[in-house]
Structures are given as structure tokens and as C-alpha cells.
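My notes follow the structure.

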Amino acid sequence: MTSMIRRPQLFVPVILLVILLVYPLAASDTKYQQSVLILCFLFAIMASGWNLISGLAGYVSLGHSVYLGIGMYTGAILGKAWGVDPMYLAPLGAAMAAIVAIGIGAIVLRTRSHAFVIITIAVLLSFQLLAANLKQLTGGSEGIIVQAPSWAAEFGNLPYYYIFLAILVLTVTLSAFVMSSRLGAGLVAIRNDEGKAGSIGINTTVYKVTAYALSAIPFGAAGAVYGQYLSFVNPLGAFAILTSVYLVLAALIGGRGTLWGPVIGGFVVAIANEMATNASGGISARVLIMGIVLILTVMFLPAGLLPTLSAVAARRRSRGAAVKFIDQTAIADSSSEVDTSVIAARSQHRSGSGDAILEVRDLVKTFGGVNAVDGVSLTVQRGSITGLIGPNGSGKTTLFNCMTGTFSPTSGRVLLDGRDITGEKVWTRAHDGLGRTFQITRLFKSMTVLDNLVAPLDRTSAGQMVAGRYSGEEVERAREVLTFMGLQEFEKQNTAALSFGQQKLVELAQVLMLRPSIILLDEPASGINPTLIDKLAAVIRKLNEAGTTVLIVEHNIPLVLGLCDTVNVLAGGQILVSGTPQEIRNDPRVIEAYLGPDHMLEVPNA
Amino acid sequence: MQIVQVLAYGILLGGVYALLASGVTLIFGVLDVVNVAQGAFLVFSALFTWQIWDLFGVEPLLLIPVMALLMFGLGWLIYRGMVRRVAPQGPGMTVLLMFGVALTMEGILNLVFGNKFKSVTPPYFTSSFTIGDLVLPMPQLISGVIGMSVLGLMYAYLRLSWAGRALRASAQNPDGAALVGISHVKTSAFAFGIGAATAGVGGVLLAIMYPIYPATQYDWIARLLGVVVLGGFGSIPGAVIGSMILGISEAFANTYLPQWSSLFFYGTILLILLFRPQGIMGTRTREDVA
């Protein structure tokens with residue numbers, strides 16, 4: 001018991017749950033209170049479900065009550081056909097909601113931010129219309145009268161009370177499980193930066209659709225019960241946009257992305273709604289009051305109650321704590337002590353060096369009428385450090401993005417280990433051993449350095465999604481990689497607190513977690529201080545010695561010429577020349593490409 | 001012949017939608033804000049028009065400039081007072097803010113006008129215009145023509161004037177525009193005002209076409225946002241194309257398959273987004289993919 005008291009995050013909910021369990025039995029004449037609490041449970045269930053896709057992954061859905069409606073209709077229709085109480089069909093309602101969500105999610109999750117918000121509203125209204133029009137099935141706009149429950153009348157709403165409470169407990173358990181799993185970590189990564197998440201091997205499509213389907217399950221289960229509770233199901237009630245707005249408001253007030261925030265918010269909104277109805281006696285004033293509450297919440301409490309409170313608590317706790325100073329020159333010095341097997345490529349091709357690991361054939365990429373990359377063919381030899389340089393606008397980054405799958409080329413092929421990967425997704429390339437960093441670092445800013453390092457995934461599987469966030473050997477390896485990079489001091493730092501140069505090293509460490517066979521570095525030296533550039537060069541050499549092939553796009557010519565075995569010069573979207581650093585240094589065409597034909601100063605005759 | 005009739009009717013309807021959707025898409029283009037309160041603005045303007053017509057019997061079309069100015073002011077205030085503060089928190093939060101505005105306005109309108117249908121019925125309400133075999137209801141004809149003309153003027157203004165250039169500059173690169181003396185806050189407030197003003201004009205046009213009551217705002221949110229998603233966010237030509245698709249499909253569905261009309265439209269949206277997530281005229285920006 002003492003251990004529980006020391007852990008309020010477990011202790012408090014258990015006490016509250018016991019109170020809620022006992023309350024209707026212990027107190028007398030709680031009919032009204034029960035009905036209010038049932039609404040509280042319902043809103044808490046919905047807000048928690050919504051939180052899985054919209055809070056964790058950041059895809060704000062304004063039409064999520066569609067899954068409540070699907071649960072209501074599933075319960076009502078099947079209950080009538082089979083002569084069963086719809087509430088016992090809650091598992092079927094959940095299953096139906098999940099199935100529909102997978103189908104719809106696969107389409108709507110292709111859109112992002114604004115378009116996604118709107119398309120979710122459109123989905124909700126489509127279902128409203130469907131329900132009104134499929135008369136044989138749904139009874140049209142009059143809807144379906146649901147039979148009275150089969151239990152004795154003296155129980156009143158009590159069975160509903162306990163069923164809703166049970167669904168709420170299951171929903172919170174589900175979301176606690178998701179949040180502690182790698183699925184949850186991946187979703188937070190997607191919210192932070194979806195493109196980046198893909199580049200470190202997170203199959204964003206599968207992750208998003210899974211979260212979307214999971215988020216629909218509590219709605220479907222609650223819907224089947226709610227339909228019977230209301231004793232009728234009709235299109236306007238089942239697929240109401242206001243329900244969606246209220247549940248979003250609930251999650252917002254409590255705190256998106258947290259476990260308990262949506263539950264707290266659900267209670268707050270349900271009670272506020274009840275009070276508004278009582279105070280005004282009509283729906284008009286309720287709409288007005290909820291509108292004003294929504295405006296005030298967005299303007300003055302955007303993070304929600306729970307995060308705002310914990311931020312205050314954290315500030316109080318950290319008051320007086322000094323920020324640790326870390327000597328930059330110490331970085332990477334410890335790398336020699338680390339076994340390089342932690343970063344060595346996963347797939348070891350025994351063919352040795354000399355063959356092509358990455359190959360680009362006749363690649364063309366046009367934007368509008370501009371050929372940014374205009375027929376480039378390029379090979380990167382296994383085990384080499386290859387450079388790609390060229391003046392601004394020569395197509396380096398575009399070529400780079402075509403190789404990593406960020407862009408799909410207009411024509412031409414990209415081959416990895418001799419296999420055509422032109423049409424492959426970004427994350428599949430990451431799984432196949434192609435890693436990349438970004439010119440402007442794209443770390444997950446809301447996570448610590450360690451969290452950033454355990455985020456990458458070398459495959460997509462169900463087992464991995466349900467695995468705990470810090471399970472497996474990843475954490476241990478992440479620490480070793482950090483040590484290799486000389487970053488062990490930063491483990492618990494939030495990445496937003498790091499300098500740009502440090503962030504670049506952390507991003508490289510993150511990619512190394514995938515143990516890629518080839519790593520593409522996009523301007524690794526830009527914007528970082530000269531001491532760190534030396535460290536970086538040392539790290540790249542070590543990496544290469546451990547068997548990783550490196551392709552660098554860089555403007556720092558001395559760094560490239562010092563590091564690389566082969567250098568390719570790009571100009572006007574085409575390969576101008578390829579050769580050893582020595583050849584490149586002396587090639588007049590390269591100088592001309594960089595400085596233009598008139599770079600020679602004309603010295604006027606004296 | 002019926003087909004031509006239905007087509008003409010659909011185009012007129014599309015003209016009104018186009019004006020309204022342009023307001024939404026303009027606000028989005030400049031501010032990155034999805035104005036889900038456009039429906040509420042519209043209903044507000046329509047009910048206001050009804051009130052003045054009911055009290056004084058004024059020709060409702062004369063109220064167009066008045067409502068445009070009034071809504072411009074309201075939009076300007078909403079931007080200055082609320083949107084500007086919430087904008088840094090990202091698109092999801094501004095959508096919710098505008099939803100709050102929409103609910104608040106609906107609540108106020110409910111209290112003031114009650115939850116009953118109001119219709120503005122000027123003398124030409126039931127008359128129609130005939131060319132050959134083509135019979136066009138007068139209210140639709142007037143609204144469609146005025147809607148398209150106002151949209152044309154607005155588009156020309158945005159293309160040709162200094163203010164329009166400033167808006168486009170600010171939309172593409174707020175920081176760069178600031179460097180050459182264009183204040184993002186001022187242009188945004190202006191764009192929000194213009195967007196709301198389209199709802200002011202549209203409200204008058206709707207008032208002579210349909211009966212209005214506060215909760216009809218939801219139908220309009222859905223229609224307008226559908227149009228904007230379909231056409232591509234931020235693109236006025238896209239909004240026009242989307243509006244025409246909506247108007248014509250509604251006209252055809254109303255004639256041949258009445259109960260399926262809106263569903264057909266939403267189905268089209270889902271289908272198009274499946275293949276073009278950025279909408280018909282939308283461009284995929286680097287941020288989308290990079």
C-alpha cells in the first residue's frame with residue numbers, strides 16, 4: 001500500500017474508480033446523478049478514443065462521432081434482427097467501427113492537417129445522409145426504436161452506468177497500453193514530423209491507420225450501449241457534428257496527448273453541458289455557452305488543464321537547478337572505446353568493396369517546366385565515401401530526395417544493392433539499409449535524445465508495435481551509439497535544448513540506430529562550428545571503417561575533398577564531372593561551374 | 001432540353017457557391033486558417049437581411065454593399081481579436097477557434113431570431129426568366145449573376161491592385177513580405193475581412209433563394225469546405241471549379257435522384273482525394289513531402 005501512495009498516478013485513479021463503483025449502491029435516490037455520470041463516462045470514453053489518433057498522432061478529427069453512430073446502428077439493427085439487447089452487442093459495435101475505420105482511414109489519412117479536419121466532417125455528414133437514405137436498413141430519417149432493456153425495471157439505468165464505466169476503464173487501459181508501446185512512440189514521432197518519421201523506418205501509413213482504427217473501437221462499443229440507453233437511433237442524433245465538437249472540446253480542456261486529460265475533460269464538458277441546459281432550459285443557450293467555452297479554451301488554455309498544471313509543477317521542481325555545461329571539444333573523443341559493431345551495417349554483403357551499392361540511372365525530375373535533375377547517372381561504390389558537390393540550384397538536394405524516396409522521379413531508376421527501389425516508400429528504403437540525415441535537422445522536438453534514438457524501426461511488424469517503448473536491446477544500443485558519438489551526456493536532454501551542431505550529431509546517431517549499409521548525409525557541416533566539423537569528419541571516417549558506405553552532399557569543399565574517395569560534381573541538373581578529389585580540384589570546369597566563366601578578374605593595364 | 005435547363009440551373013447555383021467558397025479559400029491562402037465559421041457568417045448576413053426587409057420592406061439587393069461592409073468589419077475584428085493570437089498554435093487550433101465562433105454566432109442568432117425558417121420574398125421571388133425553352137427562376141438567376149460578378153470583381157482586384165499583390169506576397173512568404181514593408185497582420189486582417197465580406201454578399205443572395213434558420217450553418221460549412229477541399233486549398237480558380245461541380249451535381253441529383261444529392265458530392269470528394277490528396281488545383285508544397 002505504501003508503494004501505491006508513492007505513485008499517485010496509480011493510486012488516485014483506483015480510489016476514484018472505487019468511489020464511482022460504490023456510489024450508486026451506497027447513496028440513495030441517485031437517478032439524476034447516474035444519468036449525468038453516464039454522460040460523463042460517454043464523453044470521457046469518446047475523448048480518450050479520439051486522443052489516440054488526434055492527440056498522439058496530431059491528426060485532428062472533427063467527425064469522430066461517426067463511429068459512435070456506427071456503433072449505435074450496429075447495435076440497433078442487429079439487436080432487432082436477433083432479438084438481443086443492443087448493449088450486449090457492444091463488442092460487435094466496436095468491431096464494426098474498427099472495420100469501417102480501417103477502410104475510411106486508408107483514404108482520409110492520405111490528406112493532412114486542414115484537409116484532414118474537413119474530410120472527417122464530410123465523412124460524418126456522408127454517414128448521416130447514408131443512414132437517412134438506406135431506409136430498409138436504418139428506417140430512414142425516423143430511425144429505429146430500440147426495444148426496452150430485458151432487465152427488471154427497478155434496476156433503472158444502473159446496468160448502463162456499470163457498462164459505460166467498464167468501457168471507460170477498458171478505453172483508458174487501451175490508451176495507456178498504446179502510449180507505452182512503440183506504436184505510441186511512433187505516433188508521437190508522426191505528430192512531430194511525419195516525413196522524418198518515415199525516413200527512420202516508421203511505416204507511417206500502417207501506424208496512422210492502426211491508431212485511427214483503435215480510436216474508433218471505444219466509440220463503437222459505447223455506441224451500441226448508448227443507442228439502447230436513448231431508446232432510439234436516428235441519423236441526426238447518431239451522426240451529430242455537435243457531439244464531435246463537444247468531445248474535441250473535452251480532450252482539449254483536459255489536455256491532448258495525455259492519458260488522463262481527455263477523461264478529466266470528458267467529465268468537465270458533460271457537467272458543463274448539463275449545467276448550461278439546466279440554466280437556460282433550452283438548446284439555443286447551450287450552443288452559445290459551449291461556443292464561448294470553446295473560444296476561451298482555445299485562446300487561454302490551449303495546452304489543456306493537465307499539461308498546464310504539470311508544467312507549473314515542473315517549473316517549481318526545477319527552480320534553482322543549473323543547466324549542465326558540456327564541453328564541446330570533449331565530444332566524440334570517447335568514440336574509440338566503443339565496439340563499432342553497434343553501428344556496423346545490418347546486412348553485410350560479403351562481396352567486398354568495389355561493386356555498386358547505390359545506383360541512379362538516367363534520373364530526371366521536373367518541377368513545372370524546370371528540369372531540376374536532368375538525366376543523372378551515378379554509382380556509389382560499396383565501402384566508399386562518395387561526395388556530391390555543385391553550386392546552389394544544381395539539383396543536389398533534389399537528386400538526394402529522389403534517392404531517399406522523398407520525391408518520386410519523373411523518369412529514371414534508383415537501385416539499392418542492384419534492386420530497383422524507385423517506387424518504394426521512404427520507410428521501406430530505411431528498412432533496406434538506406435539511412436539519411438537532413439540539412440536542417442529534423443529531430444522530434446518534444447522528445448529526449450534517448451527517445452529520439454529508440455524511435456527508428458528496422459522493419460514493420462505487429463509484434464514490434466505492441467512492444468514496450470523501451471523494451472528490447474534498443475536502449476542499450478542507443479547508449480552505446482551515443483557514447484560512440486560522444487553524446488552520452490545528453491541522453492536525457494530535450495532535443496530542442498541542443499545547439500544546431502549537437503542536433504546534427506544526434507540526428508546522425510539516430511540514423512545509425514538503423515545500422516544502414518549506406519548513409520546519405522545532406523550538408524552535415526553546414527551551420528556548425530569548426531571544432532564540431534573536425535569531430536564530424538572523424539565520426540564519418542570511423543563509420544566508414546566499420547563498413548558503412550557514405551554519400552555526402554556538402555558545400556564545404558575542403559571537407560569533401562579531404563574525406564571522399566570519389567567526388568561527383570553536379571551543375572545544371574547534370575553530372576559535370578566525376579573523379580578523385582585530386583582530379584576535381586584541378587578541373588577548370590568545376591571552377592567555372594561554381595564561379596561562372598567571368599571569374600577571372602580583369603586587371604586593367606597600368 | 002431538360003438537361004440544358006438543369007445545367008443552366010446548376011451553373012447559377014455554382015456561381016453563388018463559388019463566391020462563398022472563394023472567401024474561405026482566400027482566408028486559407030493568406031492565413032492558413034480554415035474558416036469553418038463562414039456558414040455562420042452567411043446565416044448571420046441572411047437573417048440580418050431578412051430583419052431589415054421585414055421591418056422596412058427595402059429591396060434586399062440594395063443591402064449587398066451594407067452587408068459586405070458590415071461583415072468585413074466583423075471579420076477584421078475577429079482576426080484582430082482572436083485569430084491572430086491563436087494562429088501560432090497551428091491549424092488544428094484555429095479550426096477549433098472558428099468552430100467556437102460559429103457556435104457562438106449560432107447561439108446568438110437562435111436567441112434573437114428563434115429556431116424558425118425565415119424567407120425574404122421580394123416581388124420577383126416567384127417569377128422566372130424565359131429564353132426560348134429555357135426557364136430560369138428569377139431569384140436563382142439574379143443570385144447566380146451577382147455572385148459571379150462580385151467574384152469576378154474581387155478576383156480582378158486581387159490580381160491587379162497593389163493590395164492584391166501584397167496579399168499574395170504575404171501569403172507566399174510572410175517574412176519576406178515584411179522585409180519589403182508589407183505587414184502580415186494588416187494583410188491578414190484585410191484578407192479575413194474580404195473573406196467574411198463574401199459571406200455578407202452571399203447571405204443576401206441566399207436570403208432571396210432559400211428559407212434560412214440558424215442551424216442551416218452546418219449545411220453550408222459542409223458544402224463550402226467540401227468545395228474548397230475538392231478544388232484545392234488556397235486556389236480561387238479551384239474553388240470556382242469545385243463550386244461548379246457541386247452546383248451542377250446538386251442540380252442533376254435534385255432532378256433525377258433527390259435524396260442522394262449531397263451524398264454524391266461527398267462521394268466525389270472522397271474519390272478525388274484518393275487520387276489527388278492536394279485537390280484539383282492544389283499544388284503539393286515542398287513541406288508536404290519533404
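**Domains of chain A**

I began with the domain assignment of chain A, which gives domain 1 (2–313) and domain 2 (345–442 + 516–593). The bounds come from an automatic or database domain assignment. I noted that this is a predicted model, in which local features need pLDDT of at least 70 and side-chain atom pairs count only at pLDDT 80 or more, while totals for chains, interfaces and linings use all residues. Residues are numbered from 1 along each chain as its sequence is written, and chains are lettered from A and ligands numbered from 1 in the order in which they are written.

I looked up the distance between the centres of domain 1 of chain A and domain 2 of chain A, taken over C-alpha atoms, and found 48 Å. Their contact takes 10 residues from domain 1 of chain A and eight residues from domain 2 of chain A. Two residues are in contact here if their C-beta atoms, placed from the backbone, lie within 7 Å. On the side of domain 1 of chain A that touches domain 2 of chain A, the largest share, four residues, comes from helix α10 (residues 194–199) of chain A. Helices (H or I, at least four residues) and strands (E, at least two) are DSSP runs, numbered from the N terminus. By class, that side of domain 1 of chain A has two nonpolar, six polar and two charged residues. Ala, Val, Leu, Ile, Met, Phe, Trp, Tyr, Cys and Pro count as nonpolar, Asp, Glu, Lys and Arg as charged, and the others, Gly among them, as polar.

I then went to helix α11 (residues 204–230) of chain A, which has 27 residues. From its first C-alpha to its last, α11(A) reaches 38 Å, close to the 39 Å expected at 1.5 Å a residue. The expected span is 1.5 Å times one less than the number of residues. Where is the kink in α11(A) centred? I found it at A:Gly223, with a value of about 25°; the bend at a residue is the angle between axes fitted to the seven residues ending there and the seven starting there.

Of the 27 residues of α11(A), 23 are buried, so the helix is largely enclosed by the rest of the structure. A residue is buried if 20 or more other C-beta atoms lie within 10 Å of its own, exposed if 12 or fewer, and partly exposed in between, with C-beta atoms placed from the backbone.

A:Ser231 lies in the loop between α11 and β2 (232–233) of chain A. A:Ser231 has a positive phi of about 70° although it is not a glycine. Most residues other than glycine have a negative phi. With 13 C-beta neighbours inside 10 Å, A:Ser231 counts as partly exposed.

I checked A:Asp362 as well, in strand β3 (residues 356–367) of chain A. Its phi is near 45°, a positive value in a residue other than glycine. A:Asp362 has 12 C-beta neighbours inside 10 Å and counts as exposed.

**A:Ala251**

Is A:Ala251 buried or exposed? I found A:Ala251 buried, with 31 other C-beta atoms within 10 Å. A:Ala251 is placed in helix α13 (residues 241–254) of chain A. Leaving aside neighbours within four places in sequence, its contacts include A:Ala47, A:Trp50, A:Asn51 and A:Pro262.

**Chain B**

Buried residues make up 53% of the 290 residues in chain B.

The contact between the chains takes 42 residues from chain B and 38 residues from chain A. On the side of chain B that touches chain A, α4(B) gives the largest share, 16 residues. That side of chain B divides into 29 nonpolar, 10 polar and three charged residues.
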